[in-house]
Amino acid sequence: MINLGYTIWIPLLPFLMFLLLGLAGHKLKHKLSGLLGTGGLAIITVLSYITAYKYFFTSEKIDGAYQKITAFNITWLQFTDKLHIDLGVLLDPISVMMLIVITTVSFMVHIYSLGYMKGEKGFERYFAFLSLFSFSMLGLVLATNIFQMYIFWELVGVSSYLLIGFYYQKPSAVSASKKAFIVTRFADLGFLIGILLLSFNTKTFDFITLTDPTGTAIAQGSGIVFMGLSVMTWSMIFVFMGGIGKSAMFPFHIWLPDAMEGPTPVSALIHAATMVVAGVYLIARMFPIYTFSAPVALEVVAYVGAFSSLFAAIIACTQTDIKRVLAYSTISQIGYMLLALGVSGYGGYEGLGYMASMFHLFAHAMFKALLFLGAGAIIHAVHSNYMTDMGGLRKYLPVTHMTFLIACLTIAGIPPLSGFFSKDEILAAALHSNKLLFAVEYAVAGLTAFYMFRIYFSIFWGKETQYHETPHEAPPTMTIPLIVLAIGSALSGLIPFNELVTSDGKAFESEIELLVAIPSVLIGLLGIGIAYVMYRKETTIPEKLAATFKYSYKWAYNKFYMDELYLFVTKKIIFKHISEPVAWFDRHIVDGTMNAIAYVTQSVSFRIRGLQSGQLQKYAYVFFTGAILLAILFIYLWK
Amino acid sequence: MNAGIPIQYFLILAAIMFFTGIYGFLTRRNLITILMSVELILNSVNINFLAFNRYLYPHKLDGMFFSLFIIAVAAAEAAVAISIIINIYRRFTTINVEDVDEMKY
Amino acid sequence: MDILTQFVVIPLLTITGIILVKDTRQVKMVSAIGMGLQLIMAGILLFLYVSARRAGNSAEMLFVKDIVWFKSLNIHYTVGVDGISVAMICLTSLVVFAGIFASWEVDFLRKEFFVSLILLATGVFGFFISIDLFTMFLFYELAVIPMYLLIGIWGSGPKEYAAMKLTLMLMGASALILVGILGIYFNSAPAGGQLTFNILDISKVKIPMSAQYLFFPLTFVGFGVLGALFPFHTWSPDGHSSAPTAVSMLHAGVLMKLGGYGAFRVAIFLMPEAVKELSWIFIILTSVSVIYGAFGAIVQKDLKYINAYSSVSHCGLVLFAILMLNQTAMTGAIIQMISHGLMTALFFALIGMIYGRTHTRMINEMGGLMKVIPFLSVCYVIAGLASLGLPGFSGFVAEMTIFVGAFQHPEIFYRVVTVIAASSIVITAVYILRVVAILLLGPATNEHFDHFTDAKWFEKVSVITLICFIALIGLAPFWLSSMIGSSLQPIMNKILALNPF
Amino acid sequence: MIANQIMFFLLSAMIIVFSILTVISRKILRAAIYLLFVLVSTSGLYFMLNYQFLAAVQLTVYAGGIVVLIIFSILLTSHISQRFEPAGLKKSMFSAIAALTGAILSIVTILDYKFEATAIAAKEVDMRLIGKSLLSVDYDGYVLPFEVISVLLLAAMVAAIAIAKKSGPAKTQSPTLKQE
């Protein structure tokens, strides 16, 4: 057994860094605090790579399968004998993979931020929050039990809240952060209910016990049926609700586009590469339960994923804010991952979807972070988020241009870049299980290529825009991460995921299915071609098209009015029709009752106080007649 | 001395005197006249005490002593009451009982 | 003198000291020293308690001291503590300590203010150490009465109205409690023998069911009023909004806990059979409290109202959990009491400090305070995050313990209600973030605010003390929950004997 | 009809008549004089009951002390010539009804009750006995009430002085005067 106890430092180090920067940050020099944060990340990145190496290449396999290793575990809070929250480190293929993803992207984002955030007020606060986020996200992926996951799930939520609202004097950022937190919080309620149901049925939180395909936890609880579905299915659907929220799937996707109010590196790290895939990770983590005890819930996962990916892709085609386009693209790609999980089986080639999903997660983290960071560099150069303000930037920003192009090609699924492999495997998995979803995914692949190249052409080609000040290439702290990530997204397709990250830990054979791959590449090229025609030069085709499909364009442009729907629900229903009546009820009915009691007492006392007139003779009269009446009563009547 | 006079005579007399005092107490407005009514009431009680003592328990002196103490208390009471009345008069320039109603509500 | 009695004696000595000093400036020093000493004593008590338990002392109550003071009714001055009381004492001394510093700038009738404040604290300490029902009730009254003066004299807004309302409602409640206590007393020896007020003795007998049916609701509602049980919570918004800072802190932080603690110690502990039968009524009421309080908080405009409703919600959760008759949920309830006590004290301290600068508590008249007074604002955000149950702070530990515990209930009704109560975490997030967004974030709206100074040293002492302990419980809850859990053994044994599930 | 009966009826008539006059007279000084007559007649009744000492006390304390006190206070507070407003009709009606009811009730009760005359020989009440009883601590002793009454008298004396004294804190308080 290899010693992996040091892995506890991987999440702890950023936490210490957070405390240091959070408590003493304002006393440090800006540069120093930035370097401290980045340095901490560098250390844990190295640690993660060492861990990955150790885990994948030196740890012993049993029966050809990677084992789940609990490298560290302490009981944090004891509920009952069986139920307790532990904090620990669980290493298995997906958590190690996530370690690589998170530390790499986070490290790149840290370096990038050194340049991007230079001179911003609250520089040290920014790095403190980034460290907090890294800590939470690492704690989430390394969780040994579902409750630890929930804890860090909340913590990533709050660090996302803090980072979205980083520019706290900007009202839009404030409301976006609020929205993000509350929407995900609502989803987390589902997660919590799911955990409660699960704990009631299986009496354990522990992942290893829960996900053991032959264990008792899966066998228990699947028997009880409620409203046509087993309780296990219900609990898994509730757990997935948490995933929907965090991964911004329909119908909880509305927070993600708004979250782009945060600094761009944050969007790259949290809202593209790491936190938003937590939902996918959650399903992958609980996968055995889904496939064995709650197949219906898994179907739900697949359909939610598929629908969201199509829905978001359509919206992405109409947006003009490049960060929003990327945000919808993220939703779409996460939909892909969920779909892949949803159609997957367990073990061997059946588990192709699982593997593909993780593969895509990995690749997506790289290229989407790259896209966001590229977008950040562009925004940094032109001080605008809108495509309409850009054009012809390829001359000014050569490095950004090249890396952005690589990323676009990757996401469009052009071989031999990584997106091609992962997408191809997802499509293959879908083909084997559900033709409808497969068809949807083809359409989404085309749309993806289209909208990505739409923004690519609009930004770097298109019309020659006049700028107030000539845009210039970003400093090396920003371009180096771009180049590293570009290499990563180009080459990560070569990683043999089918041997490393599989549903049951065992390697299996998978190869490119040409029947799936060739049409998908063609569709991607078709999308690029259309985008080329429409946006390579300044043309009027987009306007014409928009005019032709006026209503559908308008709906898509307004994101199918989901925001308005939510506003209606929150402002009109919750605020106007629940809270205000409650407050009114409380003040006027409940409190009114209390006041009424007081009022009645008071008015009665006002009435009867007239008896205390201060007139001595009246008192005497009453006293005297009373005495006489009593005398009569006792002498004559009380016989 | 009291031969031929039944005890009831004394008691009836005391009762009449008592209720006359009560009537005065209830109708008079002047505090001093109210005080006088009180004296009437006290006197009627004294008569009762003495009558009971004389007719029913002639071998004891309790009734007499009670009367004696009542007279003493009446004297004290009159002194205090009159000093209060004078004080009231000083403050309110009236000793009409209906105007002295500060102690209400 | 035994250690527990010192918790009553030290405040009384402090009061004497306050009365004796001539210079009013020394008053707060004396108070701070006295309450600091109290805090140290609480620490010593905690240490002694833990080491006694480590040493294997498994008595139900430790440091028991018994003095008869009214023989014919068998009323004793009996003190003793278990883990729960120790935790509550520590909470109280913390909050009082912080409260002293939060009222550092009280100028009007300063001496009288601190005397009343510490008198109130005396009552609370006495309440938590008593295990004789009558003495407990006596201290309860002692805690409630100074509140009237504190709000009525040093309050703001419609203070007389609020003080009167609060005191009348709490007095009404104490009438119910008194009837309940006497009822228990007269049924404390169903097999004949000496009647007793001693909780430990009463807990060993089974009070006849007919009496339990009558007196359980009486005591539970009586203490529930203090714990802001719907629909008897309306003193809370008015009272809190009118009370001066330290009083709000003490009231929400400690006095409301008297309700939960009393309901647990008297109503639940002595009459578990009736709880089993009648709990569904109160479960409904308390879950209404939880949701209703949270919804009520959403649209409020006054900061103190928001926290008052939030307290209704959180304290509802306490009462909700103790009714579950389940060790985990009850542990959660106690932790929630402590956690809410610290959080809400922190909230009210901060609100008082903000009010001291802006002279308004209406959130729509403020904005962008983060830029002006960053320290206080960051603390407010921390308090808010703690209140909405963020992991790493005490609120999360408490709420999760309650929810997990309550959800283990075998009957589906209780589990459904638990889910409903759990949904309050979302609503809590809504109102907390609403306040944070309007009050602290966004552009600075009022140029008059620009010259504000950030927290002074005494304000920092007050706030940091509370935050440290909130975070401490949040980060390392294990020792607290195990201390409380082991103290719940007696009642759990009683309940399990009643109905094993 | 024997002499003492005549005497009794005479005294009774005086008491009743002057009592009534006391409470209905509209001139206050006259009322006081009527009261004096009542008190004197009452002492006559005491003589008839053979309590000479008490009769003497009655004369000195009441007639000599209290009535004089009353007259002085009348002189301090009222005009002699002032005539009272007669009591309101309603008030006097109700008071009269109450008083009459009470009187009738008492008289009926007195007449109903059979008083049993005792055969025990009367005790001779002489000054020596009274003095001894007053200071005795025996079964028939009255030393305790005697002491109490003496304390009371002292207290009353102090109180009367204290209350009637002109200055004092009562003046300095903000007067809620009803000055017409």
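## A walk through chains A to D

Start with chain B, where 59% of the 105 residues count as buried (20 or more other C-beta atoms within 10 Å of a residue's own, with C-beta atoms placed from the backbone). The model is predicted: local features need pLDDT of at least 70 and side-chain atom pairs count only at pLDDT 80 or more, while totals for chains, interfaces and linings use all residues. Residues are numbered from 1 along each chain as its sequence is written, and chains are lettered from A and ligands numbered from 1 in the order in which they are written.

**Stop 1**

Keep chain B selected and colour by secondary structure. You will find 3 helices and 0 strands, in the order α-α-α from the N terminus (DSSP runs numbered from that end: helices are H or I, at least four residues; strands are E, at least two). A compact globule of 105 residues would have a radius of gyration near 13 Å, but chain B has 17 Å (taken over C-alpha atoms; the rule is 2.2 Å times the number of residues to the power 0.38). Of the contacts in chain B between residues at least 6 apart in sequence, 49% join residues at least 24 apart (a contact means C-beta atoms, placed from the backbone, within 7 Å).

**Stop 2**

Among the 4 pairs of chains in contact, chains B and D share the most contacts. Select the residues on each side: there are 69 from chain B and 75 from chain D. On the chain B side, the elements that give two or more residues are α1 (7-27), α2 (31-56) and α3 (62-92). The largest share comes from α3(B), with 23 residues. Colour this side of chain B by residue class and it divides into 47 nonpolar, 15 polar and 7 charged (Ala, Val, Leu, Ile, Met, Phe, Trp, Tyr, Cys and Pro are nonpolar; Asp, Glu, Lys and Arg charged; the others, Gly among them, polar).

**Stop 3: chain C**

Now show chain C. It holds 21 helices and 2 strands. The C-alpha trace spans about 75 × 55 × 45 Å along the principal axes. How does the radius of gyration of chain C fit a compact globule of 501 residues? The value for such a globule would be near 23 Å, and chain C has 21 Å, which agrees. Buried residues make up 62% of chain C. Counting contacts in chain C with a separation of 6 or more, 80% are between residues 24 or more positions apart.

With the other chains shown again, look at what chain C does not touch. No contact joins chain C to chain B, and their closest C-alpha atoms lie 20 Å apart. Chain C and chain D do not touch either; here the nearest C-alpha atoms are 24 Å apart.

**Stop 4: where chain A meets chain C**

Show chains A and C together. On the chain A side 38 residues are in contact with 40 residues of chain C. The elements of chain A that give two or more residues here are β1 (69-78), α5 (146-164), α6 (171-202) and α25 (562-609). The most come from α6(A), with 14 residues. By class, this side of chain A has 24 nonpolar, 8 polar and 6 charged residues.

**Stop 5: chain A as a whole**

Hide the rest and keep chain A. It has 26 helices and 4 strands. Along the principal axes, its C-alpha atoms fill a box of roughly 120 × 65 × 55 Å. Of its 639 residues, 57% count as buried. Residues 24 or more positions apart account for 81% of the chain A contacts with a separation of 6 or more.

**Stop 6: helix α2 of chain A**

Select residues 30-58 of chain A, which form helix α2. At 1.5 Å a residue, its 29 residues should span 42 Å, and the end C-alpha atoms are 41 Å apart, which agrees (the expected span is 1.5 Å times one less than the number of residues). Which residues of α2(A) are buried? Among them are A:Gly34, A:Gly37, A:Gly40, A:Leu41, A:Ile44, A:Thr51 and A:Tyr55. To see what covers the buried residues of α2(A), show elements of chain A including α1 (9-24), β2 (84-91), α3 and α4.

**Stop 7: α3 against α4 in chain A**

End with two of those covering helices. From α3(A), residues including A:Ser95, A:Leu99, A:Ile102 and A:His110 take part in the contact with α4(A). The α4(A) side includes A:Tyr126, A:Leu130, A:Met137 and A:Val141. The residues of this contact divide into 8 nonpolar, 5 polar and no charged.

Conventions
Two residues are in contact if their C-beta atoms, placed from the backbone, lie within 7 Å. A residue is buried if 20 or more other C-beta atoms lie within 10 Å of its own, exposed if 12 or fewer, and partly exposed in between; C-beta atoms are placed from the backbone.
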